[in-house]
Amino acid sequence: MKEMSEVRELKVNRYIVIDNEPCKIVSITTSKPGKHGEAKARIEAIGVFDEQKRSVVYPVRHKVPVPIIDKRVGQILSITGNTVQLMDMETYETFEMEIPEELKDKLEPGKEVQYIVALGRRKIVRV
C-alpha cells in the first residue's frame, strides 16, 4: 500500500517509493526556481530492503508515492539455515523470511523481534 504526497512535504528519515522500492530519505536539497520554472528538489534515499542508494529530482509540487511502513512485533518459532519462522504477536499469523546478514548470530527461538512490512515485503529490523 502507498499514498501520494507532494515533494515539498517530504522530510529526512521519512519514506518514498523510488523504482517500486520503499526507500528511507537521507537528504533533500531544494534549488531556487528558475526563470520559467519552479523549484526542484533532489532527494537522496536508501532502499529499505536492498540497501541501495538512489537519488531522484522532482519539482517541489510533484506528487510522489510514499509507502505505508507497518512496524510489527513477532516471536521467533524456529530457525532453519538462513530462514526464520516468525509468528506475528497481534494476528498470530506465522510466516517465514530470510535472516538479515547483520542479525544472523543474534536470533534464537522464543525471542521477540521487530519487523517492518512495506509494499507486500517483510524485513526484520531489530531484536
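Student: Quick one to start: is Asp50 buried, exposed or partly exposed?
Tutor: Asp50 counts as partly exposed, at 32% relative accessibility. Here buried means under 20% relative accessible area, exposed means over 50%, and partly exposed is in between (1.4 Å probe, protein chains only).

Student: Okay, and what should I know about the model itself?
Tutor: This is a predicted model, where local features need pLDDT of at least 70, side-chain atom pairs count only at pLDDT 80 or more, and totals for chains, interfaces and linings use all residues. Residues are numbered from 1 along each chain as its sequence is written, and side-chain values use heavy atoms, with hydrogens and water left out.

Student: Back to Asp50. Which side chain does Asp50 meet in a salt bridge?
Tutor: That would be Arg54, at 2.8 Å from N to O. A salt bridge here is a side-chain nitrogen of Lys or Arg within 4 Å of a carboxyl oxygen of Asp or Glu. Arg54 counts as buried, at 11% relative accessibility.

Student: Why can such side chains pair at all?
Tutor: Side chains of opposite charge can pair when their charged atoms come close.

Student: How many salt bridges does the structure hold?
Tutor: There are 13. One of them joins the side chains of Glu44 and Lys53, at 3.8 Å from N to O. Glu44 is buried, with 18% relative accessible area, whereas Lys53 is exposed at 60%.

Student: What about Glu90, which residue is its salt-bridge partner?
Tutor: Glu90 forms a salt bridge with Arg72, and their closest N and O atoms are 3.6 Å apart. Glu90 lies in the loop between strand S8 (83–88) and strand S9 (94–98), and Arg72 in strand S7 (residues 70–80), so the pair ties together parts that are 18 residues apart in sequence. Strands are DSSP runs (E, at least two residues), numbered from the N terminus.

Student: Which of those two is buried, and which is exposed?
Tutor: Arg72 is buried at 17% relative accessible area, and Glu90 is exposed at 65%. Both belong to a network of salt bridges that links Asp70, Arg72, Asp88 and Glu90.

Student: Changing topic: what is the strand order in the open sheet of 4 strands?
Tutor: The order is S2-S3-S4-S5, with antiparallel pairing. Strand S2 (15–18) and strand S5 (53–59) are the edge strands, each pairing on one side only. Two strands pair if DSSP finds at least two bridges between them.

Student: And over how many bridges do S3 and S4 pair?
Tutor: Strand S3 (residues 21–30) and strand S4 (residues 40–47) pair over 7 bridges, in the antiparallel sense. Ile25 stands opposite Ala45 in S4.
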